[in-house]
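Q: Hi, could you walk me through this structure? I'd like to start with what is packed inside.

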Amino acid sequence: MRTLFKQLFVVLVFFSCITGYIQAQPNTTFSHEKNAQSVRNFSGRLWRMKMMTPGQGIKEGLQNLPPEDIETLIWNNADVPGDVYTDLWQAGVIDDPYFGRNSVRAQWAQRYEYWYSYQFNYNQPINDEVIELVFEGVDYSCEVWLNGHYLGKHEGAFTKFSFTVNDYIRTHDWDWRKQSNMLMVKLDPPPNVNALVAGKKTPWFGDYWRDLIPFGITRPVKLVTSGKVRFTDVFANNTINKDGSADVNLEMEVENTDTKSREMTIIASLEGKNFDMKKVEVEFTKEMKPGVNKVEKNIHLKDPKLWWPWDLGEPNLYKVRISLKSDEVNHDFNETVFGIREVTSKWNPGFKKGVDVSFPRSTYINGKFHFIRSACWGGPPDIFVGRTNLDEYKKLIRLAKEANMNNIRIFGWHPPEIPEFYQYCDEMGITVWADMIPLGTGNISTDREKLEDIFNTAVMVAKERRNHPSFIMTEGGEEMLLRTADAHFGRAFLEELGDSITKYIHIPYVPDSPMNDRCHVSQEAGFKPKEAVHALRYFYDMGRWLHEDWYQNFASGYPIVPEFAITSVPSVESLKKFIPEDELWPPGLSWGHHWADLTRLRMQNWDVFGDEKKGSLEEFVNATQDAQGIIFQNGVEHFRRSKPSLSGISLCHFITYWPDMKWGIVDNYQQPKRSYYFVQKAYQPLLVNFEFTKRRWNNKEAFEGNIWVINDFYQDYKDCKVTIQIKNDSDETLVNKTFDIAQIDGNSAKSFFPINEKVLKSVKEKFYVDLELTDKKGNVLSKNDYFFLIGDQQKATETFNAWEQKRIRQENDNGNGSYGSYYHFFEELSEENGKDFNSDVEKPKAKDF
């Protein structure tokens, strides 16, 4: 057996040594064209992990394990970037926390510390250079040792940190024992009070997750080698001039780690990343004093290629490559991709500054109005980041674009996202509207030192992302003031946060996304009554209004919609991946654990279809997705007709970061729900649509409404036609009419034709409306469709209102746990009708199914 271990270790050493022989960049004389940064990425599955009770690892001496030894070979395998729970699950320590109610059974794991080890060989001489061990992100708290030498401690999930390891790294040109290195990371148990780490860790609570606090080495660990003089930051700060030219000001932070000044040569070459252009190259010298030096160099472009969102132009990207040399010897290299664009904001028409609103909410890109068709991201793709990969990011962002979204919003319950997220948005022409750091609470510490820590975190996050042209708007908080104990302190904090970050990133900043005029805390903080509407009340107050009555009468008249939320269940195929077979239908306890609000799901089905759709699992699931999609479609089109006084809509959410039954239109397995396609239809940049006041009609009344066309393109369309067709539920055509449109203006929303048709006499239960917009050659520019019900709108409202009262009683009476608890869906857990939960043999099923 020891012989086998020896053979395995020799194999590992061999592969580790191979990477060490690659020519390193510092101290070479490679030309600028062939230059590259020397980076050794420790990502992958060569990591090992061991669980210990807090404090026990140091007592046992894990930090002092001999670098030559193979003891960690028998530790559990681990993946970096990743997370603790995924490593434990894949090692067989816990069951899949996504399946059933396993996440509750895994809660013990967050009470331990975890030691992550990585063994590597290093065979390069260490001369006039700096070797930096870089951690791009650890969630949340850790301590680091290299070869038994204590390097330091770090706290905070969103900030890079690093250690210079020249004095501690072991190297030899041929003896593998002397070139063996042992990196040891002790990951502390995660914090348990979000208010104490607000802004530095993603909130782990909310109505779509359970109490299992994520932690792990969540981003890559790298060994970066440079000369004594190195880049610490490069910002391609650009300005578009009145004559159409642009200036790219390279703002560089250069650190001289030596004790004496050095004369350095900087060579910068600018070229197109996704388009062809003649390369521009500049070269200059600069004396670098010990410490950090601020260096700037301007590059003027007479005819720049601007970056645009995909529906306004091409997402042109530049690449600047910068070499840092002393004489002919390379010290460091940087490559930065960026776009040239100007982002400004203007006041929405129809709202009085200082009376209705406090800040402008219309976004302009390069002078053009950017109507935001968005969804709250809802990510990362997995709350346990070890379960996701970059291909999933790319697929999901592509799906957003294919759904006709031109923006993704990251709000304050989710992390600021990895650089690759912004890269893919840059490349696909998707803009990003994001809270700089997640603040799921306004009840943060008033201690000045802790506040400065939050501000510094936000600045570091901003600097890491500011070269991405897709990043076009940032906010300080997300409903932050809703629960804050001191509204005035909260407002002052958000203002100071904005002052901190806008020094470093030049995009519009909004202090908070406050609730609407019904939020007295926002009013107390000084926000105005019409700042924004979080279109959530239809769901949370389910039964108070039919959905079309709600958005017309209670969610209108605001400049922007940061959240619009409706819920649904993933497909049957996806359900089978996380719901035990004996709980699939009728719904068992795992549905509730995964946040299926079974009463509201039945109610919204009834609102849309006049039927709860409980005939089978597949019928119910499909109906929830269709109901979500139809409510989204009807609401989105209603809001869009208020353009330009309304400047953007963000659905809640696009994806879900675990397999829940809540907001997303793409499920945790990257499968679009049926609702996705309704959103795709409603978000067409050029959209023919039908304005109506109700969905239930009497056979004797005339069907009324208006045909609108909304155009988010900056393009006029002339000599178009609109066709409307109305059919009954026997597929008989009741109306087929075509109207001429002389011109559809670019960037417009206009009502063109009223409809008044007395044709509903033959309809039994449903009738259907199809719209088609064509150009003068007959090419289809936009299609849309709807269905309506035969019924009494007033009686339906009364029925829905009575159901609301029943729902409230069910949630709150008899100590049933209120919203957030799923026990009241199951008589065995609420102890109703003489039932009780006495044995695991019992399999409670949801009532009313």
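Q: Which residues touch the most other members of the largest nonpolar core?
A: Among its 171 residues, those are Trp47, Tyr116, Leu183, Phe421, Phe564 and Phe654. A nonpolar core here is a set of buried Ala, Val, Leu, Ile, Met, Phe, Trp, Tyr and Cys residues joined through side-chain atoms within 4.5 Å; buried means under 20% relative accessible area, exposed over 50% and partly exposed in between, with a 1.4 Å probe and protein chains only.

Q: And which residues does the second core include?
A: That separate core has 37 residues, including Val234, Ala246, Val295 and Ile299.

Q: Is this an experimental model or a predicted one?
A: This is a predicted model: local features need pLDDT of at least 70, side-chain atom pairs count only at pLDDT 80 or more, and totals for chains, interfaces and linings use all residues. Residues are numbered from 1 along each chain as its sequence is written, and side-chain values use heavy atoms, with hydrogens and water left out.

Q: New topic: where is Ala403?
A: Ala403 sits in the loop between α5 (390–402) and β22 (407–410); helices (H or I, at least four residues) and strands (E, at least two) are DSSP runs, numbered from the N terminus.

Q: Is Ala403 buried or exposed?
A: Ala403 is buried, because its relative accessible area is 0%.

Q: What is Ala403 in contact with, beyond its neighbours within four places in sequence?
A: Tyr676, Val679, Gln680 and Tyr683, where contact means heavy atoms within 4.5 Å. Ala403 and Tyr677 are 274 residues apart in sequence, yet 7.2 Å apart in space, C-alpha to C-alpha.
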